[in-house]
Amino acid sequence: MAAVPDLAPRGPRPAASGRKAVVARLPGLALLVALVVLWQVVVSVGDIQPVLLPGPGLVAEQLGEVWQIGLLQSAFLSTMYALGLGLVLGVVAGLLLGLLVGMLPRIDLVASPYMWGVFSTPDIALVPIVILWFGFGATTKVGMVFLAVMIPLALSCKDGVRSIDMSLVRAAVSFCSNRRDLFLKVIVPSTVPSIATGIRNGISRGFVGVLVVEMTVGTDGLGREVMYAMRQFNTARMFAFVAVLVLIAVVLITLSKRLESLTSRWREEVSL
């Protein structure tokens, strides 16, 4: 009996793709190891006091200690709760505001200068206003993240709407599309890449915003623990919390870039 040829489409094998992903990350891991070794060499050779620059071993020891007493987990949850809730609210409001301003040129003419003004204002300048509105609790952090996320996303969404290919709009109108179909099938899909870019910028600004509030107001969270360790001259613990912040930032930026890459792939496929 003749063998049946395998006509199934051949894609990249999962094991091969996983191996490529590991290989692609090796240079970054090697750089991290090299930096830690260099850090230890500088501390040992320079005989630097731990209060000025602790070695990586002391930082790792403090990281294990705050984990054992539960301080790291509670601070992490407090920061991520405010960031997550503020991010969701800011994304919803930013999308609505960006679509509204982008689709109505008169509102765009009036509102855009003020939106760019708020966008250019440093987060630290908005903290007193947010405290005045929301007090000193966790709501202050949520409100700060909300403002930090909403404005960049609204501006990106507005630019996405204003840069829609008008040939798509004319084609949809020529096929008798009503306003609802024009909005759902042309405007919204065309602005998805801009929305993803706005969310990525919003995550970065939101993370900075929540840390600014925690460091200045002193509410619970990772930012407060950094400042508290500094005031106690516990430099190793301060470095440990800063390392956690860097790790969180890397994860958030990686996830937002992945989201942006997925939406950009959709745009490239359409253009082809």
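**Stop 1**

Select V36, which is partly exposed at a relative accessible area of 35%; partly exposed lies between buried, under 20% relative accessible area, and exposed, over 50% (1.4 Å probe, protein chains only). V36 is found in helix α1; helices (H or I, at least four residues) and strands (E, at least two) are DSSP runs, numbered from the N terminus.

Before going on, note that this is a predicted model, in which local features need pLDDT of at least 70 and side-chain atom pairs count only at pLDDT 80 or more, while totals for chains, interfaces and linings use all residues. Residues are numbered from 1 along each chain as its sequence is written, and side-chain values use heavy atoms, with hydrogens and water left out.

Areas come from the Shrake-Rupley method with a 1.4 Å probe, and for residues only the protein chains shown count as cover.

**Stop 1: the whole protein**

Zoom out. The protein has 10 helices and 0 strands. Of its 272 residues, 34% are buried. The accessible surface is about 16,700 Å², and carbon and sulfur atoms account for 70% of that. Among contacts (heavy atoms within 4.5 Å) between residues at least 6 apart in sequence, 73% join residues at least 24 apart.

**Stop 2: two loop residues**

Select D47, in the loop between α1 (14-46) and α2 (56-68). D47 has a positive phi of about 50 degrees although it is not a glycine, and it is exposed, with a relative accessible area of 61%.

Then go to F233, in the loop between α9 (222-231) and α10 (235-271). Its phi is near 60 degrees, again positive in a residue other than glycine. Is F233 buried or exposed? F233 is exposed, at 66% relative accessible area.

**Stop 3: the largest core**

Select F207 and L222. Of the 34 residues in the largest nonpolar core, these two touch the most other members. Such a core is a set of buried Ala, Val, Leu, Ile, Met, Phe, Trp, Tyr and Cys residues joined through side-chain atoms within 4.5 Å. At least two core residues come from each of α3 (71-103), α6, α7 (166-174), α8 (179-217), α9 and α10. Which helix gives the most? That is α8, with 9 residues.

Around L222, leaving aside neighbours within four places in sequence, show the contacts L72, A75, F76, T79, E214, F241, V244, L245 and I248. A second, separate core of 7 residues includes L126, V127, I131 and V213.

**Stop 4: T140**

Finish at T140 in helix α6 (residues 138-162), which counts as buried at 0% relative accessibility. Not counting residues up to four places away in sequence, T140 touches V130, I131, F134, G135 and V213. Draw a distance from the T140 side chain to G135: a polar atom of that side chain lies 2.4 Å from the backbone oxygen of G135. Between the C-alpha atoms of T140 and E214 the distance is 9.4 Å, with the two residues 74 apart in sequence.

Definitions and conventions
A polar contact is a pair of N or O atoms within 3.5 Å; within protein, one must be able to donate a hydrogen and the other to accept it, and residues adjacent in sequence count only if both atoms are side-chain atoms.
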